[in-house]
Amino acid sequence: MSAGDSAGSRLVSVDFEIFGHVQGVCFRMYTEKQGLQLGLVGWVKNTNGGTVVGQVQGPADMVEEMKVWLSKEGSPSSRITRASFSNQRPIDKVEISGFKTRF
């Protein structure tokens, strides 16, 4: 087994906050869609401060892919200026079911 295989089977959880023009541009819907496409679970919501926050859980390699997507891509109309990731930690099993938008 290569190092990549073992990294993919480890489960991790990470919190995120995305800054820029990320509200009113379907960012949450696209985040949900991308998370599900990568086989991740989590949640996403708008903040009163104009950012989008959330949490993603799943295989470490897929979480890393999601972090890149959140940092660089987002929804087609979004303009991401900064992505902040915190509380990344290993988990034994996912603690959330599905990928949901919270209000």
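Mentor: Let's start with a rule: two strands pair if DSSP finds at least two bridges between them. Keep in mind that this is a predicted model.

Trainee: Happy to! How do you know that β2 and β5 pair?

Mentor: Strand β2, residues 41-46, is joined to β5 by three bridges. The rule asks for at least two, so β2 and β5 count as paired.

Trainee: What makes β4 and β5 the edge strands?

Mentor: The open sheet has five strands, ordered β4-β1-β3-β2-β5, with mixed pairing. Strands β4 (79-91) and β5 (99-101) each pair on one side only, and that makes them the edges. On average, neighbouring strands of this sheet are turned by 15° against each other, direction ignored.

Trainee: Which helices lie across β5?

Mentor: Both α2 and α3 do. Helix α2 (residues 27-37) also lies across β1, β2, β3 and β4, and runs at about 175° to β5. Helix α3 (residues 60-73) lies across β1, β3 and β4 as well, at about 160° to β4.

Trainee: How do you know that the span of α3 agrees with 1.5 Å a residue?

Mentor: For its 14 residues we expect 20 Å, and the end C-alpha atoms are 19 Å apart, so the two agree. After α3 comes Gly74, with a positive phi near 65°.

Note on methods: Residues are numbered from 1 along each chain as its sequence is written. This is a predicted model: local features need pLDDT of at least 70, side-chain atom pairs count only at pLDDT 80 or more; totals for chains, interfaces and linings use all residues. Side-chain values use heavy atoms; hydrogens and water are left out. Helices (H or I, at least four residues) and strands (E, at least two) are DSSP runs, numbered from the N terminus. Axes are lines fitted to C-alpha atoms, for helices over the stretch in contact, and angles run from 0 to 180 degrees between N-to-C directions. Contact means heavy atoms within 4.5 Å. The expected span of a helix is 1.5 Å times one less than its number of residues.
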